[in-house]
Amino acid sequence: MKQGIHPEYHEINVTMTDGKTVKMFSSVKKDLVLSTDNLNHPAWTGQRSNVDTKGQRAADFKSKFAGFKF
């Protein structure tokens, strides 16, 4: 491994959305405050913010490409 090309890692505090603080190592020297994590992201919670997005996306696609022959 080459010497002198790797960043220095520092211990930082990462604040989760519920206020809990976790210590991690990062090359960034400042503490992080998360706006999204596994407590409120739909990928982990299973909740969807807009149920009709699939139908709306299809309608948007059809209106955008209405002049093309597929």
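The following legends describe close-up views of a predicted protein model.

Local features are reported only where pLDDT is at least 70, and side-chain atom pairs count only at pLDDT 80 or more, whereas totals for chains, interfaces and linings use all residues. Residues are numbered from 1 along each chain as its sequence is written, and side-chain values use heavy atoms, with hydrogens and water left out.

**Figure 1. Overall arrangement of the predicted protein.** The secondary structure consists of two helices and three strands; helices (H or I, at least four residues) and strands (E, at least two) are DSSP runs, numbered from the N terminus. Along the sequence, these elements follow the pattern β-β-β-α-α. Of the 70 residues in the protein, 9% are buried; here, buried means under 20% relative accessible area, exposed means over 50%, and partly exposed lies in between (1.4 Å probe, protein chains only). The accessible surface comes to about 6,600 Å², and carbon and sulfur atoms account for 55% of that surface. Such areas come from the Shrake-Rupley method with a 1.4 Å probe; for residues, only the protein chains shown count as cover. Among contacts between residues at least 6 apart in sequence, 0% join residues at least 24 apart, a contact being heavy atoms within 4.5 Å.

Figure 2. The strands form an open sheet in the order 2-1-3, with mixed pairing. Strand 2 and strand 3 (32-33) are the edge strands, each of which pairs on one side only. Two strands are said to pair if DSSP finds at least two bridges between them. Strand 1 and strand 2 are antiparallel and are paired over six bridges, whereas strand 1 and strand 3 run parallel and are joined by two bridges. Valine 14 illustrates both pairings: its bridge partner in strand 3 is leucine 32, and in strand 2 it stands opposite valine 22.

**Figure 3. The hairpin of strands 1 and 2.** Five residues lie between strand 1 and strand 2, which together form a hairpin. In the turn, glycine 19 has a positive phi of about 95 degrees. 

**Figure 4. The salt bridge between lysine 23 and glutamate 11.** A search of the whole structure finds one salt bridge, defined as a side-chain nitrogen of Lys or Arg within 4 Å of a carboxyl oxygen of Asp or Glu. The partners are lysine 23 and glutamate 11, whose closest N and O atoms are 3.7 Å apart. This pair links distant parts of the chain, as lysine 23 belongs to strand 2 (residues 21-26) and glutamate 11 to strand 1 (residues 10-15), 12 residues apart. Lysine 23 is exposed, with a relative accessible area of 56%; glutamate 11 is partly exposed, at 48%. Beyond residues up to four places away in sequence, glutamate 11 touches Lys23, Met24 and Phe25. The C-alpha atoms of glutamate 11 and phenylalanine 25 are separated by 4.5 Å, although the two residues are 14 residues apart along the chain.

**Figure 5. Serine 26 in strand 2.** Serine 26 lies in strand 2 and counts as buried because its relative accessibility is 14%. Histidine 10 stands opposite serine 26. A polar atom of the serine 26 side chain lies 3.0 Å from the backbone nitrogen of valine 28. When neighbours within four places in sequence are left aside, serine 26 is in contact with Glu8, Tyr9, His10 and Ile12.

**Figure 6. Aspartate 37, a buried residue without a salt bridge.** Aspartate 37 is found in the loop between strand 3 and helix 1 (42-45). This residue is buried yet has no salt bridge, and the nearest side chain of opposite charge, that of lysine 20, is 7.7 Å away. For charge, Lys and Arg count as positive and Asp and Glu as negative, while His and the chain ends are not counted. The side chain of aspartate 37 does make a polar contact with the side chain of threonine 17, at 3.0 Å. A polar contact is a pair of N or O atoms within 3.5 Å; within protein, one must be able to donate a hydrogen and the other to accept it, and residues adjacent in sequence count only if both atoms are side-chain atoms. Apart from neighbours within four places in sequence, the contacts of aspartate 37 are Met16, Thr17 and Trp44.
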